[in-house]
Amino acid sequence: MSRSSRSRSRRRGGSETGKHAAGIALIVLTLAVFGAGGYVMATKKSPPKLDTASLCPTDGPRSATVILLDASDVLPDVTKRELRTYLFDAAASVPEYGLLEIRLLDPNSASGTPVFAKCNPGDGSGLDEFTGNPALARKRWEEGFRKPLEAALNGSMDQPTEAQTSPILSTIQSIAVDRFTGSRADSMPKTLIVVSDLIEHGPGYSQYSGDLSFERFRKSEHYRRVRTDLHGAEVTFRYIQRVTRKPINSANHIQFWTDWVKDSNGQFVSAKKLQGAG
């Protein structure tokens with residue numbers, strides 16, 4: 001064999017070896033990609049099965065956020081606008097598969113009047129086409145959660161019901177029993193948001209008369225009737241300012257509620273005045 005023939009033979013052999021090696025590398029890469037995809041699918045936690053009505057996991061919500069809304073008197077327009085923004089932001093921050101419940105303060109109902117109770121089913125933003133159906137999740141969130149929430153909030157603020165009493169404490173007591181009590185509730189995050197003028201008023205105790213100290217309340221029979229265990233729930237107040245015949249010292253009033261949260265085994269987060277007064 002001539003020198004040129006041997007050279008051509010070596011070139012062909014080298015080319016074939018290179019192609020063979022490239023083919024093996026491509027196969028290995030393909031297997032690695034599919035293997036990684038299979039691993040992700042196998043290890044990715046499946047979403048829980050949801051109840052069709054409440055959109056909560058069938059084994060229970062993963063957190064509980066309850067908003068107590070005192071709409072017994074007309075709210076100034078500026079207050080309603082600020083309150084809508086705050087409440088929609090609060091609803092948007094509810095964790096995925098967490099319960100959001102809204103109750104209206106109602107003197108005729110010890111537990112208040114529920115106007116909304118659904119879990120956040122997730123809006124699909126954490127899904128991709130490979131592992132889920134983000135479009136379907138977004139539609140479920142829009143139709144089943146956001147729109148009913150918007151209707152409930154708008155209806156609650158636009159239809160005030162005048163009342164002679166303001167049983168804030170007994171209503172919160174019922175909320176704590178219904179939503180914050182039990183072994184499952186103990187292990188999950190709990191949040192209470194109270195939107196009200198915060199003026200407790202009834203036959204056993206009234207903040208329209210006497211001082212606003214927590215000690216006066218503690219010595220009353222009303223304290224024993226409505227004493228509450230919040231089971232560590234975080235508590236936020238949004239303070240509706242009212243024009244009353246006897247002015248309410250807001251600093252002393254908020255201090256009362258701060259002391260009440262501590263006495264009730266809760267975690268005080270904040271108390272903020274809403275703009276406007278009516």
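Tutor: Strands are DSSP runs of E with at least two residues, helices are runs of H or I with at least four, and both are numbered from the N terminus. Two strands pair if DSSP finds at least two bridges between them.

Student: What kind of model is this?

Tutor: This is a predicted model, in which local features need pLDDT of at least 70 and side-chain atom pairs count only at pLDDT 80 or more, while totals for chains, interfaces and linings use all residues. Residues are numbered from 1 along each chain as its sequence is written, and side-chain values use heavy atoms, with hydrogens and water left out.

Student: How many helices and strands does the protein chain have?

Tutor: The protein chain has eight helices and six strands. Along the sequence they follow the pattern α-β-α-β-β-α-α-α-β-α-α-β-α-β.

Student: In what order do the strands stand in the sheet?

Tutor: Strands of a sheet pair through backbone hydrogen bonds, either parallel or antiparallel. Here six strands make an open sheet, in the order β3-β2-β1-β4-β5-β6, with mixed pairing. The edges are β3 (113-119) and β6 (267-277); each has a single partner strand, so one side of each has no neighbour in the sheet. From one strand to the next, the twist averages 10 degrees.

Student: In what sense do β5 and β6 pair?

Tutor: Strand β5 (residues 234-241) pairs with β6 in the parallel sense, over seven bridges.

Student: Which strands does helix α3 touch?

Tutor: Helix α3 (residues 134-158) packs on the sheet and touches β1 (64-69), β2 (99-104) and β3. The direction of α3 makes about 160 degrees with that of β3; such angles run from 0 to 180 degrees between N-to-C directions, the axes being lines fitted to C-alpha atoms, for helices over the stretch in contact. Helix α8 (residues 250-263) lies across β5 and β6 and runs at about 160 degrees to β5.

Student: How many disulfides does a search of the whole structure find?

Tutor: A disulfide is a covalent bond between the sulfur atoms of two cysteines. The search, which takes pairs of cysteine sulfur atoms within 2.5 Å, finds one in the whole structure. C56 is joined to C119, with 2.1 Å from S to S. The link of C56 and C119 is right-handed, with 90 degrees about the S-S bond. Distant parts of the chain are linked by this pair, 63 residues apart: C56 sits in the loop between α1 (3-43) and β1, and C119 in strand β3.

Student: Is C56 buried or exposed?

Tutor: Buried means under 20% relative accessible area, exposed means over 50%, and partly exposed lies in between (1.4 Å probe, protein chains only). C56 is buried because its relative accessible area is 9%, and C119 is buried at 0%. Of the 278 residues of the protein chain, 40% count as buried.

Student: Which residues are in contact with R103, leaving aside its neighbours within four places in sequence?

Tutor: Contact means heavy atoms within 4.5 Å. R103 lies in strand β2 and is buried, with a relative accessible area of 4%. Its contacts, apart from those neighbours, are I67, L68, L69, S111, T113, P114, S174, I175, D178 and R179. From R103 to L69 there are 34 residues in sequence, but 6.1 Å in space, C-alpha to C-alpha.

Student: Where is S166 found?

Tutor: S166 is in the loop between α3 and α4 (168-179). S166 counts as buried, at 10% relative accessibility. Beyond its neighbours within four places in sequence, S166 is in contact with D70, L105, I199, E200 and H201.

Student: How many aromatic pairs does the structure hold?

Tutor: Rings of Phe, Tyr and Trp (its six-membered ring) pair if their centres lie within 6.5 Å; planes under 30 degrees apart are stacked, over 60 edge-to-face, and the rest tilted. The structure holds 13 such pairs. W141 and F145 form a tilted pair, 6.4 Å centre to centre with 35 degrees between the planes. W141 and F145 are separated by about one helical turn, because they are four residues apart in helix α3. Both W141 and F145 are buried. F256 and W257 form an edge-to-face pair, at 5.3 Å and 85 degrees. Ring pairs also link a cluster of Y205, F214, F217, Y223, F237, F256, W257, W260 and F268.

Student: What pLDDT does the protein chain average?

Tutor: pLDDT is the predictor's confidence in each residue, from 0 to 100. The chain averages 84, and 79% of the residues score at least 70. Over residues 4-9 pLDDT stays under 50, and the model has one contact beyond four places in sequence for them. Residues 36-43 are also below 50, with two contacts in the model beyond near neighbours in sequence. Where pLDDT is low, the predicted coordinates should not be read in detail.
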